[in-house]
Each structure stands twice: as C-alpha cells, then as structure tokens.
Amino acid sequence: MAPAAASGGSTLPSGFSVFTTFPDLLFIFEFIFGGLVWILVASSLVPWPLVQGWVMFVSVFCFVATTTLIVLYFIGAHGGEASWVTLVFSYVATLLYVVHTVFSLIRWKSS
C-alpha cells in the first residue's frame, strides 16, 4: 500500500501538474465540450422554450463549476489534501442528478 493510501489522505495536484494527471486532465475536455454544449443549446430552436431553459441552466452551471474547480486546483486552494466531505457530497449530488433524470425521462415517456 502506498504511504498516502495507508495514512488515509492523498495529495491533490496544483499548478501546472493539474494538466499532467489523468483524472484532472479531463478538466480540459470538460471545459471544451461544456462550452460547445452551451453554444449549441443556446443556438438551437426547440418547440418548448422551458426545456431549453433547463438544459441551458444545467450546461451553464456545469461549465461554471468546471471552470471554478480547475481554477481552484490550479492555484492550489485545496491545500494539497483531499476532502472526504466534498467527495461524499459530490456523489450525493451526482446521484440526485441521475435520479432526477430518470424520473423526468419516465414522466416524458408516459405523456
């Protein structure tokens, strides 16, 4: 077992090393594709504007969240330690998004 794993904590990259580790390297692709989704959703014509507004909200929120996270990692605001509270919160938020999506899809299919 690695020393960081044995002690229960791990270090997070900061500065330019954010762009060299695999999971954090995905920030770049999230940033690029998130911006493209934002642009494409804003420029598309949909029959129900309410649907477009919700998709726009989610895409803009994810784009801003990704931008904020990459800036925080880049400047080292996390102090180099992983926070288990943030990790548990991230899983809960993702689970809520998935549950909401599934039930919205079910409602849409039944209408």
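Me: How do you get an angle between two helices here?
Reply: Axes are lines fitted to C-alpha atoms, for helices over the stretch in contact, and angles run from 0 to 180 degrees between N-to-C directions. This is a predicted model, where local features need pLDDT of at least 70, side-chain atom pairs count only at pLDDT 80 or more, and totals for chains, interfaces and linings use all residues. Residues are numbered from 1 along each chain, and side-chain values use heavy atoms, leaving out hydrogens and water.

Me: Why is α2 called roughly antiparallel to α3?
Reply: Helix α2 (residues 22–43) packs with α3 at about 150 degrees, the axes being 9 Å apart. Angles over 145 count as roughly antiparallel, so α2 gets that label against α3.

Me: What makes a residue part of a pocket's lining?
Reply: It needs an atom within 4 Å of a pocket point; on a 1 Å grid, a pocket is an open set of points where a 1.4 Å probe fits, with protein on both sides within 12 Å along at least five of seven lines. The second largest pocket holds about 660 Å³ of space. Of its 15 lining residues, the closest to the centre are V51, W54, V55, H100 and S104.

Me: Which helix gives the largest share of that lining?
Reply: That's α4, with seven residues.

Methods: Grid points are joined across faces, edges and corners, and a volume is the space filled by probe spheres set on the points. Helices (H or I, at least four residues) and strands (E, at least two) are DSSP runs, numbered from the N terminus. Angles under 35 degrees count as roughly parallel, over 145 as roughly antiparallel, 65 to 115 as roughly perpendicular and the rest as oblique.
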